Amino acid sequence: MPAVPRRRPGLFVVDLDGTVIGMVTVNRRAPERPGHIRPEAGEAELGYMFLPEAWGHGYAAEACAAALRWVADALPGEPVVLCTQAVNNRSVRLAVKLGFTEVERFEEYGAEQWFGVWFSEPPSG
Ligand SMILES: CC(C)(COP(=O)(O)OP(=O)(O)OC[C@H]1O[C@@H](n2cnc3c(N)ncnc32)[C@H](O)[C@@H]1OP(=O)(O)O)[C@@H](O)C(=O)NCCC(=O)NCCS
């Protein structure tokens, strides 16, 4: 066990009327994983997980959009990456709705992964 727990840029718990329904994370993408948009790796990466009973109401979209606004403030100009199984239609739909664009697909954990990037402002040039 490390003496100091690993730090992450962001961890958000989402509650609905006082009940936890999901979480949104912002981590640094590990260099050894496939899928990067810069040579030094360590990109800010969005993750999300909601209880199935909370799906289909737009809660994840609302929470993730708020987290991305937070990233835009806390880490100005930093792109955010996202990786999800390509067969996870709900997740890919959410990513595209949030403004992520597909960069590439690759195999990891025995499945095709959808890897995308989001910019707080359109990249110049
Ligand atoms: C991925 C995940 C967060 C998506 O949840 P979700 O509820 O489908 O996502 P959204 O918040 O975008 O909601 C969209 C749905 O809400 C519906 N909706 C209802 N009212 C809405 C409203 N007022 N505003 C927006 N959407 C609304 C939309 O029509 C859509 O439903 P549909 O897909 O049946 O058409 C969820 O499936 C999940 O937690 N999965 C397990 C974890 C996981 O796979 N994580 C990915 C790895 S990073």
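**Ligand shell and pocket**

In this predicted model, a polar backbone atom of G56 lies 2.8 Å from an oxygen atom of the ligand. This pair falls within the 3.5 Å limit set for N or O atoms in a polar contact. A polar backbone atom of F50 is 2.7 Å from an oxygen atom of the ligand. For Y48, a backbone N or O atom lies 2.9 Å from a nitrogen atom of the ligand. The ligand taken alone exposes 970 Å² (Shrake-Rupley method, 1.4 Å probe), and the protein buries 65% of that area.

The shell around the ligand holds 18 residues, each with a heavy atom within 4 Å of the ligand. F50, N88, R90, R93 and K97 are the closest. By class, nine residues of the shell are nonpolar, six are polar (Gly among them) and three are charged (Asp, Glu, Lys or Arg).

The ligand sits in the largest pocket, with more than half of its atoms within 2 Å of the pocket's grid points. Two or more residues of the shell come from each of β3 (44-50), α1 (59-74), β4 (80-85) and α2 (89-98). Helices are DSSP runs of at least four residues and strands of at least two. The greatest contribution to the shell comes from α2, with five residues.

The largest pocket has a volume of about 910 Å³. A pocket is an open set of points on a 1 Å grid where a 1.4 Å probe fits, with protein on both sides within 12 Å along at least five of seven lines; lining residues have an atom within 4 Å of a point. The lining of the largest pocket numbers 34 residues, and Y48, M49, N88, S91 and L94 are the closest to the pocket's centre. Its lining draws at least two residues from each of β2 (19-28), β3, α1, β4 and α2. Here β3 gives the most, with six residues. The lining comprises 15 nonpolar, eleven polar and eight charged residues.

Residues are numbered from 1 along each chain, and side-chain values use heavy atoms, without hydrogens and water. Local features need pLDDT of at least 70 and side-chain atom pairs 80 or more, whereas totals for chains, interfaces and linings use all residues.

Notes
Polar contact = N/O pair within 3.5 Å; in protein donor to acceptor, adjacent residues only side chain to side chain. Points joined across faces, edges and corners; volume = space filled by probe spheres on them.
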